[in-house]
Amino acid sequence: MVTRAVPSTRAWEVAASVPDPELPVVTIEDLGILRDVIEDDQCRVHVQITPTYSGCPATETIREDLVTRLSEAGYRQVCVELVLAPAWTTDWITPRGLERLAAHGIAPPGRVAGVVDLVLGVRCPRCGSTRTREVSRFGSTACKALRVCRECREPFDHLKPL
Amino acid sequence: MTTTLVPGSARALLALGDDALLASQRLGWWISRAPVLEEDVALANIGLDLLGQARGLLARAGELEGRGRDEDALAFWRDAPDFRHVCLVERDQRDFGTTMVRLLLLATWQRELYARLAASSEPGLAAVAGKAVKEVAYHVDHARAWVLRLGDGTEESHLRVQRALDAEWPWVSELFDGSWLDPEVVAAGVLPWPDELRPTVLGEVAAVLARATLRLPDGLADGLAPEPGGRLRGRHGEHTDELPGLLARMQQVARAHPGATW
């Protein structure tokens, strides 16, 4: 029998606990990367994930981490499928994910609302000021921009709306 | 993934995958060489986006082709005449102005193309394009910001970016050339005719160049690019002398250690 794992089943819980390799303060569930988990009564599990950016190098690590964690949890056969459509958007980051990002000094993205290049008042995650400016559209990873706060003068990462 | 196989689709996806792959490889040259650290990181990230798009497109091209070639086989085990990218992306670029002008041209075209391909009848292509269109929007922004800054900057930066534009311009028309494309692929809704993208793409480019105080190349104000006649045609496998060297570098590790993983 095949059951689709809703966020209460054990397979989902195990998969959802995998941290993002580049943003370890959040899990792949927080980021909305984990799409679906299907398990059967033979202890086989099929996981669907979606990449954030097409070239995100974390995707391969996430795939390996899922296989490792689910195998350790007793699943005998783990299949991880990469699904591209519909395309990932930062709007899928959960409220808990947004909170965790901000708590760790990464300004969370605003809602996309259909327009990608509309960036309004990004708040400094340290002092809370909205007087911040973009230093570089491309930061330490593809998904982040580098900004600096005009108030407290600290640089910080901003997860770009996508 | 189930789909009706349209003959010529594999070749079309291969061409677009090659555009992204070779553009990515050229951008990689800037790593450790960009004028400032932030730009080093930016160009690396843009190249990474393009590489990811190339992987998706080539993987799907390989599936459609049905000859058992995956994205690695297509990237590393073809020789120059088998590549189908436009010559625009393969040429050497060691001047920052050249890189930014070329990125503006390529990314503006890709954004328009991917926006349409997100509704392609080929589901694999639609999926890659639906992601890629959002990524290249950031590339357009980045290139636009630099072209404005350099064009409307110092006398030296203006001169160099103008020279770069004049050198890149003759290679633009190939983006709109459909002579290589199987009409069935267009009829089936896999790809639009490349020529349909011309007015929008050239209009957007012209607007940026005008704001950057750059002299528009011949024909651009009328939405025209020079005819490709007499030029090398990358879509037909006719490339510049610069491609073999670029491929040698890109392919050397895979060919020296076939099947190696790390």
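Which residues are buried in α9(B)? The points below take this up, then move to the strands, the cysteines and the interface.

1. **Ground rules.** This is a predicted model: local features need pLDDT of at least 70, side-chain atom pairs count only at pLDDT 80 or more, and totals for chains, interfaces and linings use all residues. Residues are numbered from 1 along each chain as its sequence is written, chains are lettered from A and ligands numbered from 1 in the order written, and side-chain values use heavy atoms, leaving out hydrogens and water.

2. **Helix α9(B).** The buried residues of α9(B) are Leu243(B), Leu246(B), Leu247(B), Met250(B), Gln251(B) and Ala254(B). Buried means under 20% relative accessible area; exposed is over 50%, and partly exposed lies in between (1.4 Å probe, protein chains only). Their cover includes α1 (9–28) and α3 (71–76) of chain B. Helices (H or I, at least four residues) and strands (E, at least two) are DSSP runs, numbered from the N terminus.

3. **Length and kink.** Helix α9(B) covers residues 243–256, and its 14 residues should span 20 Å at 1.5 Å a residue; the end C-alpha atoms are 19 Å apart, which agrees. The expected span is 1.5 Å times one less than the number of residues. Still, α9(B) has a kink of about 45°, centred on Met250(B). The bend at a residue is the angle between axes fitted to the seven residues ending there and the seven starting there.

4. **Strand β7(A).** Five of the six residues of β7(A) (residues 144–149) are buried, so the strand is largely enclosed by the rest of the structure. It pairs antiparallel with β6(A) (residues 132–136) over four bridges. Strands pair if DSSP finds at least two bridges between them.

5. **On to β8(A).** Five bridges join β7(A) to β8(A) (residues 155–159), also antiparallel. Here Val148(A) has Pro155(A) as its bridge partner. The hairpin of β7(A) and β8(A) has five residues between the strands, and Arg153(A) takes a positive phi near 70°.

6. **Cysteines.** There are zero disulfides over all chains (cysteine sulfur pairs within 2.5 Å). For Cys124(A), the nearest cysteine sulfur is that of Cys152(A), 3.8 Å away. Cys124(A) counts as buried because its relative accessibility is 2%. Cys87(B) is buried too, at 0%.

7. **Interface.** In contact (heavy atoms within 4.5 Å) are 20 residues of chain B and 25 of chain A. Lys131(B), Lys134(B) and Tyr138(B) supply 40% of the area that chain B buries against chain A, more than any other three residues.

Conventions: Buried area is the accessible area (1.4 Å probe) that two parts lose on being put together, summed over both.
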